[in-house]
Amino acid sequence: NTAAPGLPLEGFNNANVLPGFILVQTSPLSSATNNSTFSSGSILPGLVLSNLTGAAPGLIVYGDGALFGGTKSVGTNWFEDTLVLTFAPGVTAVGTDVFTAASPGQTLPGNFMVNVYNGSTLLGSTTVSEAQGAFGFVGVSSTTPITSLTLLCTSPSVSTFADNIAFGSAGAPPVAAKVE
């Protein structure tokens, strides 16, 4: 929020999943998704979530409540699968919480490989870590449009989740006026 304030935020609050429940979902999920979990338009336009392998059902949705600090989230249904966030049109800033878990409950410690793309061109990559019971955070900005971000938990080999995805065009930083 400090680096790119006011970006639209997808927190999956409109997901029809009860606290403590897990629902499997066909990949991809977008604003066009219309099923028993997400009604049409309940996911922000311009964001598509999918799993890289294409294995079905590719995604799962965790319910809110006591799980993970009372938040709903979307992740890969298969261990060792990559969660893909696609942005159309491309954006200049993305921020998201990431975590890993083998089942609902407390998050596991984990390391995530993060790749940022413009089309098929890799703009950059990094590794993000999270502690037991915590969330990791990925925040990137670029003057070149970001069209996708991939998240893979590399250790341990379990599902990768995202929540609170902020994305859009970040304004130029303010220019300090010189006073003489």
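Me: Why does Glu80 count as exposed?
Reply: Glu80 has 56% relative accessibility. Exposed means over 50% relative accessible area, buried means under 20%, and partly exposed lies in between (1.4 Å probe, protein chains only). The value is over the cut-off, so Glu80 is exposed. One note on the model: it is predicted, so local features need pLDDT of at least 70, side-chain atom pairs count only at pLDDT 80 or more, and totals for chains, interfaces and linings use all residues. Residues are numbered from 1 along each chain as its sequence is written, and side-chain values use heavy atoms, with hydrogens and water left out.

Me: Where does Glu80 lie?
Reply: Glu80 is in the loop between β5 (73-76) and β6. Strands are DSSP runs of E, at least two residues long, and helices are runs of H or I, at least four long; both are numbered from the N terminus.

Me: Is Phe12 buried or exposed, and how do you know?
Reply: Phe12 has a relative accessible area of 1%. That is under the cut-off for buried, so Phe12 is buried. Phe12 sits in the loop between β1 (9-10) and β2.

Me: How many helices and strands does the chain have?
Reply: The chain has zero helices and 10 strands. Along the sequence the pattern reads β-β-β-β-β-β-β-β-β-β.

Me: What makes Ser50 buried?
Reply: Ser50 has 16% relative accessibility, which is under the cut-off, so Ser50 counts as buried. Ser50 belongs to strand β3. Contact means heavy atoms within 4.5 Å. Beyond its neighbours within four places in sequence, Ser50 is in contact with residues including Ser27, Pro28 and Thr82.

Me: What kind of peptide bond joins Ser27 and Pro28?
Reply: That bond is cis, with omega about 5°. Pro28 lies in the loop between β2 (22-25) and β3. Ala88 and Pro89 are also joined by a cis peptide bond, with omega about 0°. Pro89 lies in strand β6. Most peptide bonds are trans.

Me: How do you know whether Leu149 is buried or exposed?
Reply: The relative accessible area of Leu149 is 0%. That is under the cut-off, so Leu149 is buried. Leu149 lies in strand β9. Leaving aside neighbours within four places in sequence, Leu149 touches residues including Leu85, Phe87, Val114 and Val140. Leu149 and Val114 are 35 residues apart along the chain, and their C-alpha atoms are separated by 7.0 Å.

Me: What is meant by the largest nonpolar core, and which members touch the most others?
Reply: A nonpolar core is a set of buried Ala, Val, Leu, Ile, Met, Phe, Trp, Tyr and Cys residues joined through side-chain atoms within 4.5 Å. The largest one has 29 residues, and Leu49, Leu85, Phe87, Leu149 and Leu151 touch the most other members. β3 (47-51), β4 (59-62), β6 (83-101), β7 (110-118), β9 (136-155) and β10 (159-168) each supply at least two residues of this core. β6 gives the most, with six residues. Apart from this core lies another, of five residues, among them Tyr62, Phe99, Ala101 and Phe161. In soluble globular proteins, nonpolar side chains tend to be buried together.

Me: How much space lies in the largest pocket, and why is it called a pocket?
Reply: About 320 Å³ of space lies there. The search uses a 1 Å grid over the protein atoms alone; a pocket is an open set of points with protein on both sides within 12 Å along at least five of seven lines, and lining residues have an atom within 4 Å of a point. The volume is the space filled by probe spheres set on the points, which are joined across faces, edges and corners.

Me: What lines the largest pocket?
Reply: It has 17 lining residues, and Asn1, Leu7, Gly95, Phe137 and Ala166 lie nearest its centre. β6 supplies the largest share, five residues.

Terms used. On a 1 Å grid over the protein atoms alone, a cavity is a set of points where a 1.4 Å probe fits but cannot get out, and a pocket is an open set with protein on both sides within 12 Å along at least five of seven lines; lining residues have an atom within 4 Å of a point.
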